[in-house]
Amino acid sequence: MGLAEKLKHTVCSEVDKRLAELNDISEKIWKNPELCFEEIYAHDLLTDILEKEGFLVSRKTPIPTAFTAVYKNGDGINAGIVVEYDALPGIGHACGHNLISEAGIGAALGIKAALMSGEISGQLTVFGTPAEEGGGGKCIMIQHGCFDDVDFCIMAHPYVEDIIYHPELAFEHIQITYHGKASHASVAPWLGLNALDAVVQCYNNVSMMRQQMLPECRVHGIITKGGEKPNIIPQLCQLEYFVRGTTDEQRDELKKKVLACAQAASVSTGCKMEQKTLGHPYSNMLINNCLAKLFEQNGLKLDMHFKENPPNMVGSTDMGNVSHLKPSIHPMFKIPTAGANHTVAFTEAAIKPEAQDPTIKIAKCMAMTAIDVLCDRKILDAVNQDFQNNS
C-alpha cells in the first residue's frame, strides 16, 4: 500500500469516528438559519470546534462572520477546504449549506489526522465563507488576500445528483431606480413624471430582448418599489435584475444590453435613471480537470457514481471567483429530496438522516483528494498546469 492510500485509510477512519459530532454541526446550523453576513451562530460554532481541534483560527477575517483556520505540520503544500453556512430568507437551509459545513469540517478533521501522522508535511486551511447567497463573502475575502497562500481549493455542494463537472454562470445583481415627479393622478397627472411607467417599460424592454438572447444566458428580475398610492403619480420606483452569462465577458455584454433597455425607458418617460451593482459580481466556475479526475477516482472507491453529462448551467456561486484565482473544484453530491435546491422540500431534506451518508462520503472524498496532492508535488504541478491552460 502506497503512502497516499495508507493516509486515505487514516482519513476515512477519522471521519467515521466523528459521525455524531459532524451530524450535530449540521443539525445546529439547520435549526439556526442565518441570512448573509448575519451568520454569527454558525461562525462561532465552527470556529470554536476548529480551535478546540488545534487549528490556528483567525475569526472575523476579514469580515465579522468569515474566518480562516490553519493546521500546519512543517512546510509544504497548502490545501484549502471551503465551507458555507448562510441560509435563504423565508425557507432556511434550502440550499443545504448546513451540509456543506458538516462535510467541510469532516474533511478538515480527516486531513488533520493524516498530517498528525507525521508521514507527510504540509498545511491545511479551512475557509469559512459567509454570504454565498448573493452577498459575495468569498469576493471580499479575495480582495483582502485570504486565499493568496493556498495552493488549491475544494468544496462540495448538496444537490439532486452526484456531479463532478457542474458548470456555474457568471452573475451580477443590478438595481435600477427611476426618479420621476409626483402629482395628483386624477387632478393633474400631466404635471407628473411617472416612475412606475419607466419601470414597466424597462421590464417589457428586457422581456422582449430575451428572444435574441443566447439560450445559456439568463436575465430575471422583480419590481421592488412600485409607488405608494394609486392616486399619486409615483416619483420613485425600482427594479432588480440578476444577469448571468457563461463567462464574465458574456455577462458584462448582456448587462450592457439590459442597461440600454433601462435607459430607453428613461428617455421615453422623462424619468431620471440610476443603476448600481448590489453585492459583488460572481465569476463563472473554472473546474480544474486534474483535481476533478482525482475526486472522481476517490468517489468511485466510496461507491459514488457521478453523472457523466453535466447539466445546463443553472446557477451561480462566488466559488467561481475563487476558481479564477486558485485551482478549484465544486462538485455536487446527491441527497434524497422531493425538490430541487431553493425549495421547501430541499430544506426538509437537508436535515433528514438520509442526507448523512452522502454527506459523510463527500467529506471523505474531499479529504482523500487533498491527500493525493499533499503526497505528491508532481500532482500539484499537473493541477497548476491545468489551471494555467484553462485560465
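Throughout this talk, contact means heavy atoms within 4.5 Å. This is a predicted model, in which local features need pLDDT of at least 70 and side-chain atom pairs count only at pLDDT 80 or more, while totals for chains, interfaces and linings use all residues. Residues are numbered from 1 along each chain as its sequence is written, and side-chain values use heavy atoms, with hydrogens and water left out.

I begin with Glu14. This residue lies in helix α1, residues 3-17; helices are DSSP runs of H or I with at least four residues, strands are runs of E with at least two, and both are numbered from the N terminus. Is Glu14 buried or exposed? Glu14 counts as buried because its relative accessibility is 15%. Buried means under 20% relative accessible area, exposed means over 50%, and partly exposed lies in between, with a 1.4 Å probe and protein chains only. If neighbours within four places in sequence are left aside, Glu14 is in contact with Leu109, Gly110 and Ala113.

Those contacts lead us to the packing of α1 on α4. Helix α4 covers residues 97-116. The axes of α1 and α4 are 8 Å apart, at an angle of about 130°; axes are lines fitted to C-alpha atoms, for helices over the stretch in contact, and angles run from 0 to 180 degrees between N-to-C directions. α1 is therefore oblique to α4. Under this scheme, angles under 35 degrees count as roughly parallel, over 145 as roughly antiparallel, 65 to 115 as roughly perpendicular, and the rest as oblique. On the α1 side, Leu7, Thr10, Val11, Glu14 and Val15 meet Gly106, Leu109, Gly110, Ile111, Ala113 and Ala114 of α4. This contact comprises seven nonpolar, three polar and one charged residue; Ala, Val, Leu, Ile, Met, Phe, Trp, Tyr, Cys and Pro count as nonpolar, Asp, Glu, Lys and Arg as charged, and the others, Gly among them, as polar.

Helix α4 also packs with α2, residues 19-31, at about 150° and with axes 8 Å apart. α2 is therefore roughly antiparallel to α4. Here the contact has seven nonpolar, five polar and one charged residue.

Helix α1 has a further partner, α11. Their axes come within 9 Å and cross at roughly 150°, so the two helices are roughly antiparallel. Among the residues of α1 in this contact are Ala4, Leu7 and Lys8, while α11 contributes residues including Ile360, Lys364 and Ala367. The division is nine nonpolar, no polar and four charged.

I turn now to the interior. A nonpolar core is a set of buried Ala, Val, Leu, Ile, Met, Phe, Trp, Tyr and Cys residues joined through side-chain atoms within 4.5 Å. Which residues touch the most other members of the largest core? They are Phe55, Val126, Phe147 and Phe152, in a core of 82 residues. Helix α11, residues 356-374, gives the most to this core, with 11 residues. A separate core has 24 residues, including Ala195 and Cys237.

Finally, consider Val160, in the loop between β6 (157-159) and β7 (170-179). Val160 counts as partly exposed because its relative accessibility is 27%. The C-alpha atoms of Val160 and Met332 are separated by 8.2 Å, although the two residues are 172 residues apart along the chain. Beyond neighbours within four places in sequence, Val160 is in contact with Lys334, Thr337, Gly339 and Ala340.
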